[in-house]
Amino acid sequence: MTKKITTILAAIAIGGLYAGGALAGAGHDAAKETVVKEIRGMAQDMKSSGANAHSEAFSFGQAGDAAKVNRTIDIEMMDNTFNFSTLDIKPGEVIRFNVKNMGEVVHEFNIAEASMHGEHQNAMMKMMESGAMEVDRINVKAMSSGEAAHDDPNSVLVEPGKTAELIWQFKKAANIEFACNVPGHYEDGMKGEILYKSN
Ligand SMILES: [Cu+2]
C-alpha cells in the first residue's frame with residue numbers, strides 16, 4: 001500500500017470519528033462535507049503526482065472548452081521548425097490549434113514555461129528509449145501505459161502526415177513558449193514565444 005493511500009484511509013478513519021462525534025449536533029453535514037473535500041483533494045494530489053498524470057493547474061492557463069473557442073490557429077510543423085516564430089495571444093482567449101505535421105518525423109506542439117520544456121525533453125528521451133515513440137511513429141500501446149505515457153493537456157504529439165487538435169485557454173504568464181520536445185528539435189530551434197501584446 002502506498003503512503004498516499006494510507007494517508008487517505010487514515011483521513012477517512014479520522015473523518016468518520018469527527019463526523020461521528022458531531023453527529024448529535026448540527027455540524028454533522030458540514031463536517032462530513034469538509035472530510036469529503038479533503039479526500040477529494042488528496043485523491044487529486046495523488047493523481048497529479050503520478051508519473052503519467054498532469055492534471056495540475058498551469059500558470060499560463062488550462063485546457064480550453066471547445067464550445068468557447070475564440071479563434072483557430074493553424075500550426076504547421078516541418079523538420080524541424082514551426083510556421084510561426086511567435087504567437088500573439090490575448091489573455092483569457094480560448095484558442096483551437098489545428099496542428100499539422102508536414103514533416104517526415106514525429107513532432108510535438110507543447111505550450112509551457114521554458115523550464116517545463118526542459119523537463120519534458122527528458123521525458124521524451126525516455127519515450128524514445130522505451131520504444132513508446134519512434135522517429136516516425138508513435139507506439140500508442142506503449143504510450144498509453146507506464147512512465148512513458150504522454151497525456152499532457154498542454155501538448156499534442158503528431159505523427160508525420162497527421163493532424164491533431166489542442167484547445168487551450170490562455171492566462172497571461174511570463175516565459176511561455178510553444179515548442180517541440182522530440183529529442184534534438186528544441187535545440188534545432190523548433191520553438192517560439194507566446195506574446196501577450198494585445199492586452
Ligand atoms: Cu519536432
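1. Six residues of H3 are buried: Met 116, His 117, His 120, Gln 121, Met 124 and Met 127. Viewed along the helix axis, these buried residues fall within an arc of 145 degrees, so they line one face of H3. Exposed residues lie on the other side of the helix, namely Ser 115, Glu 119, Asn 122 and Glu 129. Please keep in mind that this is a predicted model.

2. H3 covers residues 114-130, 17 residues in total. From its first C-alpha to its last the helix reaches 25 Å, close to the 24 Å expected at 1.5 Å a residue. Just after H3 comes Gly 131, which takes a positive phi of about 90 degrees.

3. What do the buried residues of H3 pack against? Their partners are strand S6 (107-113) and strand S9 (176-179). The helix lies across S6 and S9, and runs at about 135 degrees to S6.

4. S6 and S9 belong to an open sheet of five strands, ordered S4-S10-S9-S6-S7, with mixed pairing. The edges are S4 and strand S7 (155-158), each of which pairs on one side only. On average, neighbouring strands of this sheet are turned by 20 degrees against each other, direction ignored.

5. Leu 87 has Ile 194 of S10 as its bridge partner. As a general point, strands of a sheet pair through backbone hydrogen bonds, in either a parallel or an antiparallel sense.

6. Pro 91 sits in the loop between strand S4 (86-88) and strand S5 (94-101). Is this proline buried or partly exposed? Pro 91 is partly exposed, because 14 other C-beta atoms lie within 10 Å, whereas a buried residue needs 20 or more. Gly 61 is 30 residues away from Pro 91 in sequence, yet the two are 9.0 Å apart in space, C-alpha to C-alpha.

7. For the protein as a whole, the secondary structure comes to four helices and ten strands. Along the sequence the pattern reads α-α-β-β-β-β-β-β-α-α-β-β-β-β. Of the 199 residues, 26% are buried. Among contacts between residues at least 6 apart in sequence, 72% join residues at least 24 apart.

Technical notes:
Residues numbered from 1 in each chain as written. Predicted model: local features only at pLDDT ≥ 70, side-chain atom pairs only at ≥ 80, totals over all residues. Helix = DSSP H or I, 4+ residues; strand = E, 2+ residues; numbered from the N terminus. Buried ≥ 20, exposed ≤ 12 C-beta atoms within 10 Å, placed from the backbone. Contact = placed C-beta atoms within 7 Å. Expected span 1.5 Å × (residues − 1). Arc of directions from axis to C-beta. Pairing = 2+ DSSP bridges. Axes fitted to C-alpha atoms, helices over the stretch in contact; angles between N-to-C directions.
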